[in-house]
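Dear colleague,

Please find below the structure I promised to hand over.

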Amino acid sequence: MSSWKGKEVATQEQYYAEYDESLAGMDGYYAGDLTNATAPSTSTESETPTQTVLQSKSIRSEGEITLQGPIQVAGSVRSGGNVTLNGDFDVRDKVEAYGTIDVNGNLVCDGKMKAYGNIHVAGYMSVGDKVKGFGKLKVTGTCEVKDLEIYGNTTITGFLKCKKMTLYGSLTLIGENSGYQVEGEEKIWGAIISREEDLDW
């Protein structure tokens, strides 16, 4: 057990070291604080508050990643566990997690997204390339994707738009204002269900 703990500490130190380089020159922020970093707001009586956007080259961890935006990532976000994104995020490359991906706010990802667990979107998500999820997809808000492939069930409370969609499970639309649009190829292997209220998924 002690050898595992030693590996965990080494991993955390490596994780923080990668952030030190990507956050160089950002006064008041340290690598260890990034998982709970809140962008500062400055205000005077005559001005409206403004937020500073954090910038990072890439974010990687063997464990869970929880971030508070606004953050711009020039590279990718990769986790050996879950990824939780709270706030506004702009990721130029891909987002990948061996657990779940939770988006609470706004995410614009220019590359791909892959999750071995569930994907939950509460807000807005735009992915410029393929989204592949081996678990379930739950959208509460708006989701725009180029190519969507989900192995579990998909639940939409809001709107889903994609050019190509492959769902191996069922598709459930919650509420009369929920819907989806597929510009190209559409394959849904499960049932398409409409409900007034969401059930526990």
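Leaving aside its neighbours within four places in sequence, with which residues is I150 in contact? Please note before the reply that this is a predicted model. The residues in contact with I150, apart from those neighbours, are G133, G135, K136, L137, T166, L167, Y168 and G169.

I150 itself lies in strand β13, which covers residues 137–150. Its relative accessibility is 0%, and because buried means under 20%, I150 counts as buried. Although I150 and L137 are 13 residues apart in sequence, their C-alpha atoms are 7.0 Å apart in space.

Y168, one of the contacts of I150, also has a part in a nonpolar surface patch of about 660 Å². The patch is made by Y98, Y116, F134, Y151, Y168 and W189. Of these residues, W189 is found in a loop, between β17 (186–188) and β18 (192–195). With a relative accessible area of 60%, W189 is exposed, since the term applies over 50%.

A further point concerns strand β5, residues 65–68, where the side chains alternate. Strand β5 runs parallel to strand β8 (residues 83–91), and four bridges join the two strands. Q68 has N86 as its bridge partner in β8.

Yours sincerely

Conventions. Residues are numbered from 1 along each chain as its sequence is written. This is a predicted model: local features need pLDDT of at least 70, side-chain atom pairs count only at pLDDT 80 or more; totals for chains, interfaces and linings use all residues. Side-chain values use heavy atoms; hydrogens and water are left out. Buried means under 20% relative accessible area, exposed over 50%, partly exposed in between (1.4 Å probe, protein chains only). Two strands pair if DSSP finds at least two bridges between them. Contact means heavy atoms within 4.5 Å. Patches are made of residues with over 30% relative accessible area and no salt bridge: like charges are joined within 9 Å, nonpolar side chains (Val, Leu, Ile, Met, Phe, Trp, Tyr) within 5 Å. Accessible areas come from the Shrake-Rupley method with a 1.4 Å probe; for residues, only the protein chains shown count as cover. A salt bridge is a side-chain nitrogen of Lys or Arg within 4 Å of a carboxyl oxygen of Asp or Glu.
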